[in-house]
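Subject: Handover of a structure

Dear colleague,

Please find below the structure that I am handing over to you. My notes on its strands, pockets and cavities follow.

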Amino acid sequence: MDTNEILLEDDFSKLEVGMFSAPVGAHTEYHYLPEAAPKGNWTIACFATDSGSQQAWHIQTQGNARIMTQTFDNPKKHTHPILIAGDSLWHNYSISVRFTPESNRAKSGLVFRYRNSRCYYFFGLDGPEAILKKVRHATGFHQPYETVLTYQKCSWSPGKEYTAIVTVDENHIRAEIAGVVTLQVTDDTYPNGKVGLMADVPTRYSHVKVTVTTKEQECFNILKSKQQRQLDDLRAKNPRPVVWKKIKTDGFGVGRNLRFGDLNGDGQVDVLIGQMVHHGPRDQYSELSCLTAMTFDGNILWQLGQPDPANYHLTNDVGFQIHDIDGDGKNEVVYCMNFEIVVVDGATGKLKYKAPTPASKPPANRYPRILGDCLFFCDFRGTGHPRDIIIKDRYWHFWALNNRLDIMWEGDCRTGHYPYAFDVDGDGHDELAIGYALFDHDGKMLWNLENEIQDHADGVAIVNFLEAEESTPRIFYTASDSGVLITDLHGHVLKHHYIGHAQNPAIANFRPDLPGLEAVTINFWGNQGILHFYDAHGEIYHDCEPNPFGSMCLPINWTGQPGEYFVHSPNVTLGGMFDGWGRCVVTFPDDGHPDMCNAVLDITGDCRDEVVVWDQNEIWVYTQDDNPKDGRLYKPTRNPLYNYSNYQATVSLPGWSE
């Protein structure tokens, strides 16, 4: 292919020397962190560390030049250190990469026609061979689907620089290591995609260049302009986000650890801020250290505990919620602190009653009593009110309490992060889905799939996706490294998608043109940022990778009409509200707002949602520029605010205002 237009050329000279991949860890699962954002032309496709938490990618100096270096041996087979650049619309192009593998123990080279960090072509050196392979989603737990399209034995030496050149022209692929080997193959699995660097051994990269023909450049420009016009048209049809409130939280602010509800009984939504302290290791033993109750006008109603600006960081939940637990028509705050579960008046913070948390059990028995990993309300007793409580330790045991904090029964399983309740058999009592098990209202385990699923449940929901009387609910699991799992109410697996570490599911009417409800999930560990979209039958109808972050993917009723969006993050460049096709249809203004965290709920009362964005120093609230809006509006039914969690499976069921 005659190439004379440059799409990308980079010798890394504009990047700062030092660690390129940020040590973000679990914090980036549901926080936007600028240190994990793209730098220059490059985005980290996989946050990769070795066993000693060494980050994969570094900018180093070599003589007077700067080089991109992958620094360690990657022992994993299902995820690889990858940096990407370019545009997903790139079609026919040639990429040239100068690289120096420091070892022949595993592969190093480049990726092309990259769709996401689990779907791409790879070309490079691997032991005594040059290989050209296709990578797709796994066929089982940590079982990558990798097909070697062609290979050839060749002679090469670690520590020597080579130039890898790949040219893609429709379904024809030509790949060479200059002066060493040439491979050719025909394959049409991936017709377009980005480019990238990938290495499972220490490797130095000094130069990358991507070129196209003039005709191909013109075709790309047309497609890019068409894509942008489509986005501009979609965005023009949507209300713009405008600031409704701003609140300062210096000293007592936090990461994604807010709760929302009417605390003082005035009919308005208030906010409860929970700082926390970690006893370690990591986030296995954490508890509240300070609670601050305030209105969205910034008036502090009360504060319990000692605020500490250092206690804003979190990678997990702790036990606190806003709920009318005693049935007096006023909300209480229920929280865990100092090995007690405590009920206080929502308006004043004054103690109403309390009890010791349950006695701990191995292996979560560092302390005599549990700290309280989360609180979840449901109706086991059949009173018609969700005033029974599930409290759990981090991963192994849980207890069912009544609203007087007495233990009714207890259970154990691989609990995962957060449960879901549903009256499965229609007897007026909730059943409990926790981990991969289903428990009856009296604590009897009905079934458990945990011995069949290797990783823990990151999110679970029970939903009638087809919304018909003759259809039955299904249980939707994001199963961490085990992907996405869908079962019937008897524990029979109906669908299993091995798409990597799936989490934070959201279920709503994202696509009004499709029957029933849709779901969206996002990947994190090993392959962060991949979005998958599922129809009402559990089939994947779309996937995309808009940016390299985790997210809650919270459904948002922004327009008051069917077709909900979801918020990915509040970041001006990388975030926004996305639709059921994975398009960013609403962007946030560049006005200096905090963008670390976000939440979605109706605060102003016109049925449509606001977006709460915040960091540890301030909280902003965005509403629509046409708020309030009159008339009959779409008004979905969501998870109740008294069961708010960073690990919730968010369910948004269609409905309308009166």
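Grid points are joined across faces, edges and corners, and a volume is the space filled by probe spheres set on the points.

Please note that the model is predicted, so that local features need pLDDT of at least 70 and side-chain atom pairs count only at pLDDT 80 or more, while totals for chains, interfaces and linings use all residues. Residues are numbered from 1 along each chain as its sequence is written, and side-chain values use heavy atoms, with hydrogens and water left out.

Pockets

The second largest pocket has 38 lining residues, and G25, A26, E29, R282 and W525 are those nearest its centre. Its volume is about 1,100 Å³. The lining comprises 11 nonpolar, 19 polar and 8 charged residues (Ala, Val, Leu, Ile, Met, Phe, Trp, Tyr, Cys and Pro count as nonpolar, Asp, Glu, Lys and Arg as charged, and the others, Gly among them, as polar).

The largest pocket reaches a volume of about 1,500 Å³. Lining it are 45 residues, with S88, K224, Q227, E545 and P546 nearest the centre. By class, 20 of the lining residues are nonpolar, 16 polar and 9 charged. At least two lining residues come from each of β3 (43-44), β6 (82-85), β8 (107-116), α1 (214-236) and β41 (540-544); helices (H or I, at least four residues) and strands (E, at least two) are DSSP runs, numbered from the N terminus. The greatest contribution to the lining of the largest pocket is that of α1, with 8 residues.

D126 has E129 in β10 as its bridge partner.

Elsewhere, β20 (residues 286-294) pairs with β21 (residues 300-305) in the antiparallel sense over 5 bridges, and L291 is placed opposite L304 in β21. The two strands β20 and β21 make a hairpin with 5 residues between them, and in the turn G298 has a positive phi of about 90°.

Cavities

How many cavities of 30 Å³ or more does the search of the whole structure find? There are 5. The largest cavity has a volume of about 160 Å³. It is lined by 19 residues, of which Q284, Y285, L371, D393 and R394 are closest to its centre. This lining has 6 nonpolar, 5 polar and 8 charged residues.

The second largest cavity has a volume of about 90 Å³. Among its 15 lining residues, H78, R118, V135, R136 and P144 are closest to the centre. Both β10 and β11 supply at least two residues of this lining, and β10 gives the most, with 4. By class, the lining of the second largest cavity has 4 nonpolar, 8 polar and 3 charged residues.

With kind regards

Notes. Two strands pair if DSSP finds at least two bridges between them. On a 1 Å grid over the protein atoms alone, a cavity is a set of points where a 1.4 Å probe fits but cannot get out, and a pocket is an open set with protein on both sides within 12 Å along at least five of seven lines; lining residues have an atom within 4 Å of a point.
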